[in-house]
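This report is a short tour for someone meeting the structure for the first time. Keep the view open while reading.

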Amino acid sequence: MAQLPNFTSKVFLAPMAGVSDPALRIMCKKMGAGLVVTELTSVNAIVAKHEQLESQSKNITEFIEFSEKERPLSVQLFGSDITALEKAAKIVEPHFDMIDYNMGCPAPHITKQMAGGALLQNADLTREIFRTLVNTVKKPISLKMRIGVSEENKSLFLNISKIAEQEGIQMITLHPRTVSQGYSGHADWDMIKKLKENSSVPIVGNGDITSPEIAKKVLDYTGCDYIMIGRGAMGNPFIFEQIKDYLKCGSYKQYNLTDRLGAFLTYMELTSKYNIRFANIKQQAIRFTKGTVGGSQLRNRLSTAKNTEELKELLVQKVTV
Ligand SMILES: Cc1cc2nc3c(=O)[nH]c(=O)nc-3n(C[C@H](O)[C@H](O)[C@H](O)COP(=O)(O)O)c2cc1C
């Protein structure tokens, strides 16, 4: 069986559509993230794009962009069409260190296709998906899931994790909310603890981890092997260094608005190498200035920027005043 990569930190960056682009992933990696994951990508889209790119003598990395600096790097797939899944897994395998399978996405356009979080209630199809992935590629396969679809079946994750282990899935991330909860309420860390107690593969705890203190609490309380940070890393790649330092020596460096603006300028430089939508870059600018003194005035101005030059100008002005 393929070995999991050697993670240099217990703290991973979560896949976030429209947010965890290659530029942000590189920054989180530089700040000490042990693993970064691409945003979810449809297996059908991969197959269709591959055919198109192949005819132009290009490969899938034009569609799922990344940098060597991100390694170890995981690619996240979704979709339950078994033929497309098998093809997509073969297409991505040469380029990535791991493949992560999404069983958590609550977006209706995904759950309606019996994909993402909806699969939690379809044990037979789930088993077929895991078996297909494990038998198709030699790279390690991980799973990211929610606890259940709704309040009435919020322990589905226990059965799915058993199936995953039986079929050779090598690591499981749990975001302990139901699909119908979306992002409301609180992540139920007791469920991470329960999964850890009932599993023999490494468990990644995820959900509402937004500070070094909370990171330590979740690791200590649940016994999970790794933690994954999503929203806490938005505009805040520093969190990976801060958690690593706090776990090691009980203290960490604070970063101020100037540090965050500087980090955003680095982020913008990195984006020029990738095909990232301007709307997404602008959202990142707004995130990088959140929670900082004078940030709200700046964010109002940032939201009116029409291109990266305008964004840069506003930020450079702010850094130099
Ligand atoms: C904007 C956004 C996009 C997301 N996209 C994905 C995705 O592509 N794949 C996935 O598995 N989870 C996705 N998630 C869920 C996160 O990976 C994570 O599980 C969730 O946000 C809980 O962690 P947090 O409290 O640290 O944010 C997304 C979350 C957000 C906020």
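Eleven residues of domain 1 are in contact with 14 residues of domain 2. On the domain 1 side, the touching residues divide into seven nonpolar, two polar and two charged. The model shown here is predicted. Domain 1 runs over residues 11-248, and domain 2 over residues 257-320. Their C-alpha centres lie 28 Å apart.

**Helix pairs**

| Helix pair | Angle | Axis distance |
|---|---|---|
| H1 (22-30) and H10 (257-271) | about 130° | 8 Å |
| H3 (82-92) and H5 | about 30° | 9 Å |
| H8 (212-222) and H9 (238-249) | about 60° | 9 Å |

Take H1 and H10. Their helices pack at an angle of about 130°. That makes H1 oblique to H10. The crossing of the two is right-handed. H1 brings Ala23, Leu24, Ile26 and Met27 to the contact, while H10 brings Ala263, Thr266, Tyr267, Leu270 and Thr271. By class, this contact of H1 with H10 has seven nonpolar and two polar residues, and no charged ones.

Turn to H3 and H5. How do these two helices lie to each other? Their angle is about 30°. Angles under 35 degrees count as roughly parallel, so H3 and H5 are roughly parallel to each other. H3 passes H5 in a right-handed crossing. On H3, the contact is made by Ile82, Leu85, Glu86, Ala89 and Lys90. On H5, Glu128, Ile129, Thr132, Leu133 and Thr136 make it. The residues of this contact between H3 and H5 divide into five nonpolar, two polar and three charged.

Now H8 and H9. These helices pack at about 60°, with axes 9 Å apart. They are therefore oblique to each other. Their crossing is right-handed. Pro212, Ala215 and Lys216 of H8 meet Gln242, Ile243, Tyr246 and Leu247 of H9. Five nonpolar residues, one polar and one charged make up the contact of H8 with H9.

**Around the ligand**

Which residues come nearest to the ligand? They are Ala14, Met16, Leu40, Gly230 and Arg231, out of 22 residues around the ligand. The shell around the ligand divides into nine nonpolar, nine polar and four charged residues.

**Two backbone details**

Most residues other than glycine have a negative phi, and most peptide bonds are trans. Two places in this model depart from that pattern.

Arg71 and Pro72 are joined by a cis peptide bond, with omega about 0°. Where does Pro72 lie? Pro72 is in the loop between helix H2 (43-54) and strand S4 (73-78).

The other is a phi value. Phi of Met114 is near 50°, a positive value in a residue other than glycine. Met114 is found in the loop between helix H4 (108-111) and helix H5 (123-136). Helix H5 also packs with H3, at an axis distance of 9 Å.

**Putting it together**

The protein is divided into domain 1 and domain 2, and eleven residues of domain 1 contact 14 residues of domain 2. H1 and H10 are oblique, and H8 and H9 are oblique as well. H3 and H5 are roughly parallel.

Methods
Residues are numbered from 1 along each chain as its sequence is written. This is a predicted model: local features need pLDDT of at least 70, side-chain atom pairs count only at pLDDT 80 or more; totals for chains, interfaces and linings use all residues. A residue is near a molecule or strand if its C-beta atom, placed from the backbone, lies within 6 Å of it. Ala, Val, Leu, Ile, Met, Phe, Trp, Tyr, Cys and Pro count as nonpolar, Asp, Glu, Lys and Arg as charged, and the others, Gly among them, as polar. Domain bounds come from an automatic or database domain assignment. Two residues are in contact if their C-beta atoms, placed from the backbone, lie within 7 Å. Axes are lines fitted to C-alpha atoms, for helices over the stretch in contact, and angles run from 0 to 180 degrees between N-to-C directions. Helices (H or I, at least four residues) and strands (E, at least two) are DSSP runs, numbered from the N terminus. Angles under 35 degrees count as roughly parallel, over 145 as roughly antiparallel, 65 to 115 as roughly perpendicular and the rest as oblique. A crossing is left-handed if the near helix is turned anticlockwise from the far one by less than a right angle, and right-handed if clockwise.
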